[in-house]
Amino acid sequence: MTEGRRTTTRVADGTAPTPRARRGATTAGGDRRAELEARLARLERAPGLRERGRGLMARVVPDEATQHFRNAGREQLLGVRSIVDFWIERIDESEGRSTRRARHESIEID
């Protein structure tokens with residue numbers, strides 16, 4: 001039900017534009033293009049949702065907490081990596097081509 005939100009543009013004499021004029025087929029076609037280009041430039045200059053969200057979070061969440069969350073995200077990715085490595089090794093072992101690295105290494109002490 002977005003019809004209640006629609007606004008009608010008026011031509012200079014106060015009447016509603018014809019369907020042809022609404023599609024941009026006016027005698028001054030460059031006006032419509034200029035209007036659209038100006039609107040696009042305005043939208044491109046405006047901060048996006050991501051930037052506005054980051055600004056809000058920067059005001060609400062302390063820097064130390066942000067760093068902890070970033071580190072936690074990294075740890076989650078490392079956990080996923082270890083799961084993927086485990087299953088790759090398991091598949092390789094079942095196919096007889098083990099790529100398992102030596103888990104223990106002997107180190108000589110002088």
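Is Arg39 buried, partly exposed or exposed? Arg39 is partly exposed, at 37% relative accessibility. Here buried means under 20% relative accessible area, exposed means over 50%, and partly exposed lies in between (1.4 Å probe, protein chains only).

The model is predicted: local features need pLDDT of at least 70, side-chain atom pairs count only at pLDDT 80 or more, and totals for chains, interfaces and linings use all residues. Residues are numbered from 1 along each chain as its sequence is written, and side-chain values use heavy atoms, with hydrogens and water left out.

Start with the charges. The structure holds two salt bridges (a side-chain nitrogen of Lys or Arg within 4 Å of a carboxyl oxygen of Asp or Glu). Glu35 pairs with Arg32, with the closest N and O atoms 3.5 Å apart. These two sit three residues apart in helix α2 (residues 29–45), so about one helical turn separates them. Helices are DSSP runs (H or I, at least four residues), numbered from the N terminus. Arg32 is partly exposed at 29%, and Glu35 is partly exposed at 38%.

Glu35 also bridges to Arg39, where the closest N and O atoms are 3.3 Å apart. Here the spacing is four residues in helix α2, again about one helical turn. Shared partners join Arg32, Glu35 and Arg39 into one network.

Now turn to helix α4 (residues 63–94), which holds Val84. Val84 is partly exposed, with a relative accessible area of 41%. Together, Val80, Val84 and Ile88 make a nonpolar surface patch of about 250 Å². Patch residues have over 30% relative accessible area and no salt bridge; like charges are joined within 9 Å, nonpolar side chains (Val, Leu, Ile, Met, Phe, Trp, Tyr) within 5 Å. Accessible areas come from the Shrake-Rupley method with a 1.4 Å probe; for residues, only the protein chains shown count as cover.
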